[in-house]
Amino acid sequence: MELIVWTSAFSVGISKMDQQHLEIVRLINTLATTSEISVRSELISETLTNLTNYANEHFREEERLLEEHGYPELAAQKADHRAYRMKVVAFCQETMDGEENVPAGLLDFLRDWWVDHILHSDMEYRGFLEARGVT
Ligand SMILES: [Fe+2]
């Protein structure tokens, strides 16, 4: 998988959210690299579990922040997050049992979903929060 290269174009203007997005990108890149060198499957499932837990925590914080400021597109954000969680769970149940490599389809999904979500859905709240002085 082509690694995600973080640039300032990914910044949503809220340092806490940027830090969390950066960590998620780091975990996805780690997963892609680890998977390519085909190490122990426990390490891969551990990283995948960390990513899932971290993403869930991030979704909760992001939704709380948007709710606090009355963001009008909160329902769409929540729906996006929910769809992601369901997709990842389905992927893991179907494919990860005893696998030593993360399936390329899962890695591509993770990369494409996060890049698209940050650059489009999340970027939509940037101006809204900026106008309210949230940084
Ligand atoms: Fe989001």
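Let's start with R26, which pairs up with E23 in a salt bridge whose closest N and O atoms sit 2.9 Å apart. The term salt bridge here means a side-chain nitrogen of Lys or Arg within 4 Å of a carboxyl oxygen of Asp or Glu. Before going on, keep in mind that this is a predicted model, where local features need pLDDT of at least 70 and side-chain atom pairs count only at pLDDT 80 or more, while totals for chains, interfaces and linings use all residues. Residues are numbered from 1 along each chain as its sequence is written, and side-chain values use heavy atoms, with hydrogens and water left out.

Back to the pair: R26 and E23 both belong to helix 1, three residues apart, or about one turn of the helix. Helices are DSSP runs of H or I with at least four residues, numbered from the N terminus. R26 counts as partly exposed because its relative accessibility is 45%, and E23 is partly exposed too, at 24%. The cut-offs are simple: buried is under 20% relative accessible area, exposed is over 50%, and partly exposed lies in between (1.4 Å probe, protein chains only).

The whole structure has five salt bridges. Over in helix 4, R111 meets D108 at 3.4 Å, N to O, and these two are about one helical turn from each other because they are three residues apart. R111 also bridges to D112, with 3.1 Å between the closest N and O atoms, so D108, R111 and D112 end up linked in a network of salt bridges. R111 itself counts as buried, at 19%, whereas D108 is partly exposed at 30% and D112 is partly exposed at 43%.

Now for the inside. Leaving aside residues up to four places away in sequence, L110 touches I28, L31, L48, L51, Y84 and V88, a contact being heavy atoms within 4.5 Å.

Last stop: the iron ion. Its protein donors are E62 (OE), Q77 (OE1), H81 (NE2), H117 (NE2) and D122 (OD), lying 2.0 to 2.6 Å away. Donors are N, O and S atoms within 2.8 Å of the metal (3.2 Å for Na, K and Ca), and sites may look incomplete because water is not among the atoms. Along the chain, the donors follow the spacing E-x14-Q-x3-H-x35-H-x4-D. Both H117 and D122 are buried.
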